[in-house]
Amino acid sequence: MTNPKTVFVFVRDMGPANVAVPILNELERRGHKTFLFIEKGGKAEGRVNHPATVLGSTDEVRMMLQTERPDIAIAGLSAPGRDLESVFEASARVEYCIPVVHAEDSLLAFARSGMTADLILSIDETAAAIARAQCPGARIAVVGFAGIMPMQPRSEVVEYFNFVRRMTTSRRCSMNSAR
């Protein structure tokens, strides 16, 4: 690799952690330097099968960003609320001008997060359409479920997701490219 990057990932809950670990493993396989940070008291603390550092305060998050200055920051999309994920995302983008990537771990994860991203890794075309409406100008890539190895979902899973799409705000989005 001619130009390895330093990548920080910050998560609180298991959904984002389940997405982050396969991404980190692939980045490491390609020669990039990666760091996984987990919010103290979050559901992912002590449960992730990857080396990680636990951070418990806003000051620790900012210090970590300032000290290492990563090339890319991947922020988890845990349920919105008072958490360090949003501090990580905002500090990386605003204070340190680090590009932020969000990798969705569930349908509409980005739409409910209230965060901003330079690149959104979306699970499907429906979620991508919603993200485009919410965050004009962001680059969006439909990559599927990054935390699940490629597989053919069971028919009842596909049926359930189609039901959820019909019953939620996703039906209001343009579906021209979605099927």
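Helices here are DSSP runs of H or I with at least four residues, numbered from the N terminus. Keep that in mind as you work through this predicted model.

**Exercise 1. Describe the span of α1 and what follows the helix.**

Solution. Start with the length: α1 has 16 residues. Next, take the reach from first C-alpha to last, which is 22 Å, close to the 22 Å expected at 1.5 Å a residue. Finally, look just past the helix, where glycine 31 takes a positive phi of about 95°.

**Exercise 2. Find the cavity of 30 Å³ or more and work out which element gives the most to its lining.**

Solution. A search of the whole structure returns 1 such cavity. Now list the lining: Val9, Val11, Pro16, Val19, Ala20, Ile23, Ile74, Ala75, Gly76 and Ala103. Two or more of these residues come from each of β1 (6–11), α1 and β4. The top contributor is α1, with 4 residues. Pro16, Val19, Ala20 and Ile23 are also among the buried residues of α1.

**Exercise 3. Characterise the lining of the second largest pocket.**

Solution. Begin with the volume, about 180 Å³. Then turn to the 11 lining residues, of which Ile23, Leu27, Ile74, Val101 and Leu121 lie nearest the centre. The elements giving two or more residues are α1 (14–29) and β4 (72–75). By class, the lining splits into 9 nonpolar, 1 polar and 1 charged. To link this with the previous exercise, note that Ile23 and Ile74 line the largest cavity too.

Key
Residues numbered from 1 in each chain as written. Predicted model: local features only at pLDDT ≥ 70, side-chain atom pairs only at ≥ 80, totals over all residues. Heavy atoms only, no water. 1 Å grid on protein atoms, 1.4 Å probe; cavity = no way out; pocket = protein on both sides within 12 Å on 5 of 7 lines; lining within 4 Å. Points joined across faces, edges and corners; volume = space filled by probe spheres on them. Nonpolar A, V, L, I, M, F, W, Y, C, P; charged D, E, K, R; others polar. Expected span 1.5 Å × (residues − 1). Buried < 20%, exposed > 50% of the residue type's maximum accessible area, 1.4 Å probe, protein only.
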